[in-house]
Amino acid sequence: MSDVLQLAGYEPPDAYRKDTLRLMVRDAHTLYAYWEITDRKKWLASQHFQCDWSQLPKVLRLYDVTYITFNGHNANRVLDIELTPEAQDWYATGLGAGAVYMADLGVYTWERQFVPFLRSDPVRTPRDCPAGWGEPIVAVVPEASRSHSTSYIPPYDLEHFIPSR
């Protein structure tokens, strides 16, 4: 009971002081992105571009990487979203259903060249229509459809079982 009382007054910190960019799926056509850039990375960018961090135009670049092995330059489609200076999160709308997306957070140089600082993990938007006849309702992961080699030995039922005392 004392653990519950201790957690009752807990509030999460305002910042975790870790460079991170995350994508979350809201629906079939919308992603939610949130990020944190550490003061050190902001300072390094300010030193490199010789201007204050707040003056650099921030950009969230979305990549459609559906059915490809992404190498940073071969996306099916690229969408740049220019952010407000104080933004720490953003909703990206009008995206394709059943697609895989990744994102970079970066800045434009004065010559409009994109310089990335953070990259997200990929996310898949759900489809926006019912599954067709014979299609799985949920996409099958590639590992589940591969046949196992003949040397595969399934674990015994009680392997690694430790009885309670």
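I started with Tyr-32 and found its bridge partner in S5, Tyr-91. Before going on, I noted that this is a predicted model: local features need pLDDT of at least 70, side-chain atom pairs count only at pLDDT 80 or more, and totals for chains, interfaces and linings use all residues. Residues are numbered from 1 along each chain as its sequence is written, and side-chain values use heavy atoms, with hydrogens and water left out.

**Strands**

My strands are DSSP runs of E, at least two residues, numbered from the N terminus. I call two strands paired if DSSP finds at least two bridges between them.

I looked at S2 (residues 30-36) and strand S5 (residues 89-92) together. They pair in the antiparallel sense, over four bridges. I also checked Leu-31, which stands opposite Ala-92 in S5.

Next I took strand S1 (residues 20-27), which runs antiparallel to S2 and is joined to it by seven bridges. Here Leu-21 sits opposite Trp-35 of S2. The link from S1 to S2 is a hairpin through two residues.

Put together, I get an open sheet of three strands in the order S1-S2-S5, with antiparallel pairing. S1 and S5 are at the edges with a single partner strand each, so one side of each has no neighbour in the sheet. On average, neighbouring strands of this sheet are turned by 20 degrees against each other, direction ignored. Those angles come from axes fitted as lines to C-alpha atoms, and run from 0 to 180 degrees between N-to-C directions.

I then asked how many residues of S2 are buried. Six of the seven are, so the strand is largely enclosed by the rest of the structure. Buried is under 20% relative accessible area, with a 1.4 Å probe and protein chains only.

**Lys-58**

I found Lys-58 in strand S3 (residues 58-64). Is Lys-58 buried or exposed? Its relative accessibility is 8%, so I logged Lys-58 as buried.

I listed its contacts (heavy atoms within 4.5 Å). Leaving aside neighbours within four places in sequence, Lys-58 touches Trp-53, Ile-81, Glu-82, Leu-83, Gly-106 and Val-107. Val-107 is 49 residues away along the chain, yet the two C-alpha atoms are separated by 4.5 Å.

Last, I looked at the side chain of Lys-58: one of its polar atoms lies 2.9 Å from the backbone oxygen of Leu-56.

Key:
Buried means under 20% relative accessible area, exposed over 50%, partly exposed in between (1.4 Å probe, protein chains only). A polar contact is a pair of N or O atoms within 3.5 Å; within protein, one must be able to donate a hydrogen and the other to accept it, and residues adjacent in sequence count only if both atoms are side-chain atoms.
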